Amino acid sequence: MLQTSPLFSEAFMTKKEIIKIVVQCAKQYETELLNNSLKIICEDKHHHHMSIEVYFTKRNFLHLTGVETDLSPEKFFDACIFNRIKTENINERNDGTTELKLSVLPLLITKNLSANMVGDYLQDGINLMTEKIAGNIRGCIGFVLDKISGHYVPNTILKCDIRTRIINKKRIIGIYRKKQNDTEYKEIVYLAKGIYKDTIPYVYTT
């Protein structure tokens, strides 16, 4: 059974409860992911290694919350960080996905995304535009290719078992993190069981 965040305790959420979650998540995002990039090293069933590089900016955070707002993505993020978000600034989506996203958001916006699997999103008729997903049996984060930067950026959160939403499944064996202005990845933030720091392959993104 999915374990929800302690911030998420009721089936129906008030705007004040939504604000509490998005504010705390924005501050977590700022600490763990903002202006960082992750290089996700993975392997397929034939033990062929590959990687995907993902970037995180202010404007990406809003898309992960499922919240509708009259603020720009950047102003929404800043309002959360400085505790200036107001109830009149936000609304839930009509499709009911806001609470679903917020229930797993705190679990996923960590420095390693709490992810052990990555692959292509299974297009199953749901009106969701994402390309790659990374996550675990409790939830996952989706990425799309940003045509301006040429990098993958986050655009959605899914409360689901990633195994039911993925094709071309790959096991994540390690994740590197760096500031976007740094030239090299030096910090390892995740190693799979049985994988050691000195043996993890460094795969150049193609």
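**Close-up views of aromatic contacts and nonpolar cores**

**View 1. A lysine over a tyrosine ring.** K178 lies over the face of Y185, at 5.2 Å from the ring centre; a charge is taken to sit over a ring if NZ of Lys or CZ of Arg is within 6 Å of the ring centre and within 35 degrees of the ring normal. The model shown is predicted, with local features needing pLDDT of at least 70 and side-chain atom pairs counting only at pLDDT 80 or more, while totals for chains, interfaces and linings use all residues. Residues are numbered from 1 along each chain as its sequence is written, and side-chain values use heavy atoms, with hydrogens and water left out.

**View 2. Aromatic pairs around F56.** Rings of Phe, Tyr and Trp (its six-membered ring) pair if their centres lie within 6.5 Å, and planes under 30 degrees apart count as stacked, over 60 as edge-to-face and the rest as tilted; by this rule the count comes to seven aromatic pairs. The ring centres of Y29 and F56 are 6.3 Å apart and their planes stand at 75 degrees, so this pair is edge-to-face. Because Y29 lies in helix α1 (residues 15-32) and F56 in the loop between β2 (49-55) and α2 (58-65), the pair ties together parts that are 27 residues apart in sequence; helices (H or I, at least four residues) and strands (E, at least two) are DSSP runs, numbered from the N terminus. F56 also forms an edge-to-face pair with F143, at 6.2 Å centre to centre and 80 degrees between the planes. Since F143 belongs to strand β7 (residues 140-145) and F56 to the loop between β2 and α2, this pair ties together parts 87 residues apart in sequence. Both F56 and F143 are buried, meaning under 20% relative accessible area with a 1.4 Å probe and protein chains only (exposed is over 50%, partly exposed in between). Ring pairs link Y29, F56, F61, F76, F77 and F143 into a cluster.

**View 3. The nonpolar cores.** A nonpolar core is a set of buried Ala, Val, Leu, Ile, Met, Phe, Trp, Tyr and Cys residues joined through side-chain atoms within 4.5 Å. Of the 51 residues in the largest core, Y29, F56, F61, F76 and L113 touch the most other members, and the largest share of this core, eight residues, comes from α1. A second, separate core of nine residues includes M117, I133, C140 and I162.

**View 4. Confidence along the chain.** The mean pLDDT (the predictor's confidence in each residue, from 0 to 100) is 90 for the protein, but pLDDT stays under 50 over residues 1-10. Where pLDDT is low, the predicted coordinates should not be read in detail.

Notes
Contact = heavy atoms within 4.5 Å.
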